[in-house]
Amino acid sequence: MSAPAAPTSRQVDSTLQRDNTTPQRVIGEAVNLSAPAVQRRIRRMEEAEVIQANVAMIDPAQVGQPITIFVEVEVEVISETAELIDAAKREFAAVPEVQQCYYVTGEADFVLVVVVPTMTAYETLTRRLFFGNNNVKRFRTFVSMDRVKVGLAVPLSG
């Protein structure tokens with residue numbers, strides 16, 4: 001009879017991704033570790049930035065932000081320098097309505113996930129972020145009709 005395999009940090013990560021409020025004692029029982037050992041693993045993962053944040057997932061509609069919009073943003077090709085890309089990254093990251101921002105390959109340079117209470121609020125945002133920005137060549141909007149799956153869980157194997 002062989003000894004059970006040593007628990008991995010991935011098993012702890014997997015549990016925390018499903019429910020970050022799971023008590024360390026419960027996690028420990030599931031992976032055959034003591035609660036203090038689970039706590040040490042979690043602390044190491046936080047220090048290594050494997051765990052980047054401990055947050056609650058809020059339903060935007062329940063807090064008055066029912067519209068989710070995906071925006072492709074293309075910057076001016078002539079002025080596409082590292083400094084201007086970095087400036088665009090900082091600008092998009094600073095806007096509360098921008099829930100997520102990705103610098104991407106392809107025709108667009110950025111893809112933004114935006115949440116707003118109304119289309120009027122989105123129009124106001126576009127005037128501020130895109131029309132008033134000489135670095136933005138064009139943008140394209142996709143309005144979400146339904147939130148089918150939302151999350152940031154990373155598939156873990158092993």
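Here are some friendly notes on this structure, point by point.

1. Please keep in mind from the start that this is a predicted model. The residue numbers used below start from 1 along the chain, as its sequence is written.

2. Let us begin with the empty space. Rolling a probe the size of a water molecule over the atoms shows where empty space is left. The largest pocket here has a volume of about 1300 Å³. Its lining is made up of 34 residues, and those closest to the pocket's centre are Val55, Met57, Gly151, Leu152 and Ala153.

3. H1 gives the largest share, with four residues.

4. Next, the aromatic rings. A pair of aromatic rings is described by the distance of the centres and the angle of the planes. The model has five aromatic pairs. One of them joins Phe92 and Phe110, whose ring centres are 5.2 Å apart and whose planes make an angle of 80°, an edge-to-face arrangement. Phe92 belongs to helix H4 (residues 82–93) and Phe110 to strand E3 (residues 110–116), so this pair ties together parts that lie 18 residues apart in sequence. Are Phe92 and Phe110 buried or exposed? Both are buried. They also belong to one aromatic cluster, together with Tyr103, Phe130, Phe131 and Phe139.

5. You will find Asn133 in the loop between helix H5 (119–131) and strand E4 (136–143). Its relative accessibility is 14%, and because buried means under 20%, Asn133 counts as buried. The side chain of Asn133 makes a polar contact of 3.1 Å with the side chain of Glu91.

6. Val63 is in the loop between helix H3 (35–47) and E1. With a relative accessible area of 54%, Val63 is exposed, because the cut-off for exposed is over 50%. Val63 and Gly28 are 35 residues apart along the chain, and their C-alpha atoms are separated by 35 Å.

7. Finally, check two backbone angles. Asn32 has a positive phi of about 65°, although it is not a glycine. Asn32 sits in the loop between H2 and H3 and is exposed, with a relative accessible area of 60%. Glu49, also a residue other than glycine, has a positive phi near 60°. Where does Glu49 lie? Glu49 is in the loop between H3 and E1, and it is exposed, with a relative accessible area of 58%.

Terms used: Predicted model: local features only at pLDDT ≥ 70, side-chain atom pairs only at ≥ 80, totals over all residues. Heavy atoms only, no water. 1 Å grid on protein atoms, 1.4 Å probe; cavity = no way out; pocket = protein on both sides within 12 Å on 5 of 7 lines; lining within 4 Å. Points joined across faces, edges and corners; volume = space filled by probe spheres on them. Phe/Tyr/Trp six-rings, centres within 6.5 Å; stacked < 30°, edge-to-face > 60°. Buried < 20%, exposed > 50% of the residue type's maximum accessible area, 1.4 Å probe, protein only. Polar contact = N/O pair within 3.5 Å; in protein donor to acceptor, adjacent residues only side chain to side chain.
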